[in-house]
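The following report concerns the structure shown below.

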Amino acid sequence: MEWQNKTAAECLRGLGSDGKKGLSHAEAARRLKETGTNELAGPRRKGLLARFFAQLSDFMVLVLLAAAAVSFLASRIEGTGDYVDSIIILAIVVLNAVAGMIQESRAEHAMEALKKLSSPRARVIRGGREETVDAAQLVPGDLVRLRAGDIAPADLRLIESHGLSAGESALTGESLPAAKDAGVVLPEKTPLGDRKNMVFSPSEITAGNGLGVVTATGMRTEVGRIAGMIASQEPPKTPLQKRLAQTGRWLGAGALAICALIFLIGLLEHTPPLDMFLLSISLAVAAIPEGLPAVVTIVLAVGVRRMAAKKSIVRRMPAVETLGSASVICSDKTGTLTENRMTVRTVASASGEVAAHSQEGKRILSLACLCSNCTGGAGSYRGEPTETALAAACPEEKSELERRWPRVHEIPFSSSRKRMTTVHRRPDGGYRIICKGAPDVLARYCVGSCSGFLAKNESMASSGLRVIGVAFRDTDALPTEREMEQNLTFVGLAGLSDPPRAGVKEAVAQCRSAGIRPVMITGDHAATASAIARELGILRRDGKVLTGQELDALSDTDLKRAVRTCDVFARVSPEHKVRIVRAFQANGEVAAMTGDGINDAPALRAADIGCAMGKSGTEVAKGAADMVLADDNFTTIVAAVREGRGVYANIRRTVHFLLSCNIGEILTVFVGFLIGLPSPLLAIQLLWVNLVTDSVPALALGVEPIEPGVMQRPPAKRGESLFSGGMGWRIAIEGCLIGAFTLAAYSVGRVFFDPDPMNPVVGRTMAFAVLSLAQIAHTFNMRGGPLFSPARRGSRLLPAALLCIFLQCSVLLVPPLAALFDAALLTPAAWGAVAAFSLAPAVLVRLQMLINRRHG
């Protein structure tokens, strides 16, 4: 139920409460049993085992588990007792599951943070007496006393208010405290930030005092509603997770199809079933890149470390790549794009704008500073944000001004008066009356024409500034309160706003050049939001501004169309933010969301990647986000995007390399079988290639330095395959070349070097050597540039290649290792053939790349 559209008396009647005595203790106890405690419900926690097994549901992981089981079964049937293959595959699966389990539980952390925000104690009136109780014991209908410094313990409809204001930026996104007035009655559907007769948990009371009746507790409060949204929002799978899952399905289905085909052909040719079964296992081992999950996990972990060095703390590993794919960055305004600190931006006198340190500027700011209640000194003023900003802008210390102009009387500011008046003793005797407030209200109490000031006020307000007018009058005798605010002289205006963060404008420009569209989503007013967005370059010349009320009138289909041209969404609620993010996603965009407030948390969780502010951000926002910006700087996102794009490019290279190598392995075994040759490769040799001479270079590719110009490319589209841009064809061609030269080496060894062609130990050894070394040489095709060009600074490719060559030569030359892999010692002539066949695929692929580049 909405309470802002009812009078205080109507609210009390509706809640069954007395405006003086509150609820009786017996009634409060009865309601507590009925409504439950004033606490936020936590999420249902999964047990450790449930979390672990949830990580094993991926299709690729299931195929790996099947491969491990089949390998184990084959070893049992053969009676070899060789379970190394099964153990290695299982170890990879378990390590990946543990890594994924550690990255879970964002919603739990967000909910825990929300629960910590609740006020532990509250001053409540029960049975006509004021007492202090645990906030958890509050019920609807309780009367709660509020004072400056309190945290609102529940949602309240104000019954009384005396200069009351509340800081609601975490809920509404508005940087200034909201003035509250118990006497107003507002329309239904009034936006949250405009409900002046309500105070919401967990807002901070920044000034004044008041009395309110509890309208909602626990999960029924506005913050409870947000908590429910966080709990119900399932974070979408990242683009990388979707692409890898799709790749895993293709690989698994392909491996099973090839195995079934081989098994069927063998049965038709009356080959013994056990032999066919073992050959099928060899093909399954060849088809599945066992190292891919581990390599991707390590690549992402390295990306996490690199981002942390650039002040981007990643909480969920796949999010590293997601930011690189982002095509829209939806950013909150207050505290993210701006400093969340009011600052005097413009000072104007009757003659126009003046510098703060000019004579006129000093006069205006000194008067405004005297007519304020903030305390402290330069750089550390405390109090209402507008007053601290005026005092900070004043060239003279407030304490020195007050020493010379001591205050003798004050008429405080209120939301109904919209002005504040102070009286000071002049150094020469007599008194000076100073009044500051809304310029249009102030003009009514001033002598002479104020039209110039009012016109300037309109101009400043239209550019998103909050404008404060200053007027004064000198008098010899102390006047009565009624006389004080008469015959004043209007002296000037001060325009204030929450300034943009340094470097944000440049970061926005970089986003646009990288093909990323920045969008502002804020709870602040449209005029303020538009001015900041235009200054930062977010609001384009033809861009549109949409308010929360306008958004309510749109269906999801209409909103999906509207987001294509809208750059600023103002005066929006947490539900609106989620709808906007979903609309961008429905248009095929990869949406990133940045924010710092409680009101941002549901959208942070719903977005493809949520980025929370580390310093100013609430724990709720951080708990719901995938990434935390340690320095609260929007510009850090640009650096993180660059890192994410580098990670994605490296993962594509890794997948490209591994799959082209695996196709080479499959073709070698499959073609050998089709033409009736003894198996060119053994299962243990294929597993060695997959886990060592494939995976080590793949790891080096995964941590290659970021290519220059990566931020000049458009982001990867949602739903785009890992094999887009012709990569699938290149993988097939390169795999065919590797397989063809491996078979050529096998045939040469079998014909020219093996004494018994039906037991081709030398041919198999040459095939084993060529397959490994050709893949190592092929690694250098993945990085681009000339084949033998020097590596980029920080590249690990050459050391990885040298290590793999050493390991491969060891298993071929060291007798115990050679015996383990059933390898023969090769003659110098055989080694010459191995070297030629190993380099040939890399050279041919490089020639193909050069021809393609020359022909565009």
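## Helices across the sheet

In this predicted model, helix α24 (residues 574-586) lies across β9, β17 (517-521), β19 (566-570) and β20, and runs at about 155° to β20. Helix α27 lies across β8, β9, β20 and β22 (627-629), with an angle of about 160° to β9.

## The sheet

The order β8-β22-β21-β20-β9-β17-β19-β18 describes an open sheet of eight strands with mixed pairing. From one strand to the next, the twist averages 20°.

Within this sheet, strand β9 (residues 328-331) pairs with strand β20 (residues 591-595) in the parallel sense, over four bridges. Serine 331 is placed opposite threonine 594 of β20.

## Packing of α27 and α28

Helix α27 (residues 634-674) packs against helix α28 (residues 683-702) at an angle of about 160°, the axes being 9 Å apart. The two helices are therefore roughly antiparallel to each other, and α27 passes α28 in a right-handed crossing. Contributors to the contact include Phe657, Leu658 and Cys661 of α27 and Leu686, Val689 and Pro697 of α28. The contact residues comprise nine nonpolar, six polar and three charged.

## Confidence

The protein has an average pLDDT of 82, and 85% of the residues score at least 70. Among its elements, strand β14 (residues 431-437) has the highest mean pLDDT (95), and helix α6 (residues 106-116) the lowest (46). The pLDDT is below 50 over residues 103-108, a stretch with 22 contacts in the model beyond near neighbours in sequence. Where pLDDT is low, the predicted coordinates should not be read in detail.

Definitions and conventions
Residues are numbered from 1 along each chain as its sequence is written. This is a predicted model: local features need pLDDT of at least 70, side-chain atom pairs count only at pLDDT 80 or more; totals for chains, interfaces and linings use all residues. Side-chain values use heavy atoms; hydrogens and water are left out. pLDDT is the predictor's confidence in each residue, from 0 to 100. Contact means heavy atoms within 4.5 Å. Axes are lines fitted to C-alpha atoms, for helices over the stretch in contact, and angles run from 0 to 180 degrees between N-to-C directions. Angles under 35 degrees count as roughly parallel, over 145 as roughly antiparallel, 65 to 115 as roughly perpendicular and the rest as oblique. A crossing is left-handed if the near helix is turned anticlockwise from the far one by less than a right angle, and right-handed if clockwise. Ala, Val, Leu, Ile, Met, Phe, Trp, Tyr, Cys and Pro count as nonpolar, Asp, Glu, Lys and Arg as charged, and the others, Gly among them, as polar. Two strands pair if DSSP finds at least two bridges between them.
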